[in-house]
Amino acid sequence: MFTLYTPQTANKALPEVKRMFSGIVAQKNRVMVLQQELQMVVDSGGDFERFMKKKQELNTAVTNLYKAIEALEATGVMLKSVDEGLLDFPSKRFEEEVWLCWKAGEDEIKFWHGKDEGFMGRKPLETTGVIEP
């Protein structure tokens, strides 16, 4: 089921969304470590068995990363960038579809931008004009 967020509902969901996002960041870091370890096996001339075990471990970590992203996006929140910590919540402002946006480190939803705008188009959130529950 599709959900439009208000600033209030987005802020209410934010603690769980932050927890899920932290898991995605941790999983992405795990993938990066495993990629480096796999490259070290290749560079050192490791045998096939060692290579295959590390490759399977990497495949599992990548799968888990995508599952974590799917779980977050199943809440209706769009992951824009893991590296920059950007998440968007679909909303409406004066009948226009917009994104409520959050950046890692922020305590609450404070900004919005149009559908075709990105982070650079963020505007301060005003409570008027945004859909109410």
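User: How many bridges join strand E1 to strand E2?
Analyst: This is a predicted model, in which local features need pLDDT of at least 70, side-chain atom pairs count only at pLDDT 80 or more, and totals for chains, interfaces and linings use all residues. Residues are numbered from 1 along each chain as its sequence is written, and side-chain values use heavy atoms, with hydrogens and water left out. Strands here are DSSP runs of E with at least two residues, helices are runs of H or I with at least four, both numbered from the N terminus, and two strands pair if DSSP finds at least two bridges between them. E1 covers residues 78-81 and E2 covers residues 86-93, the two run antiparallel, and the number of bridges joining them is 3.

User: Which residue takes a positive phi in the hairpin of E1 and E2?
Analyst: This hairpin has 4 residues between the strands. The positive phi, near 70 degrees, belongs to Gly85.

User: Which residue of E3 stands opposite Leu87?
Analyst: E2 is joined by 8 bridges to strand E3, residues 96-103, and the two run antiparallel. Asp88 stands opposite Cys101 in E3, while the residue opposite Leu87 is Trp102.

User: Why is E2 largely enclosed by the rest of the structure?
Analyst: A residue counts as buried under 20% relative accessible area, as exposed over 50%, and as partly exposed in between, with a 1.4 Å probe and protein chains only. In the protein, 35% of the 133 residues are buried. E2 is largely enclosed because its buried residues number 7 of 8.

User: Which strands are the edge strands of the sheet?
Analyst: The open sheet is formed by 5 strands in the order E1-E2-E3-E4-E5, with antiparallel pairing. Each edge strand pairs on one side only, and these strands are E1 and E5 (123-124).

User: In what order do the elements of the protein run from the N terminus on?
Analyst: The secondary structure comes to 2 helices and 5 strands. From the N terminus on, the order is α-α-β-β-β-β-β.

User: What radius of gyration does the protein have?
Analyst: The C-alpha trace spans about 65 × 30 × 25 Å along its principal axes. The radius is taken over C-alpha atoms, and the globule rule is 2.2 Å times the number of residues to the power 0.38. A compact globule of 133 residues would come near 14 Å, but the protein has 19 Å.
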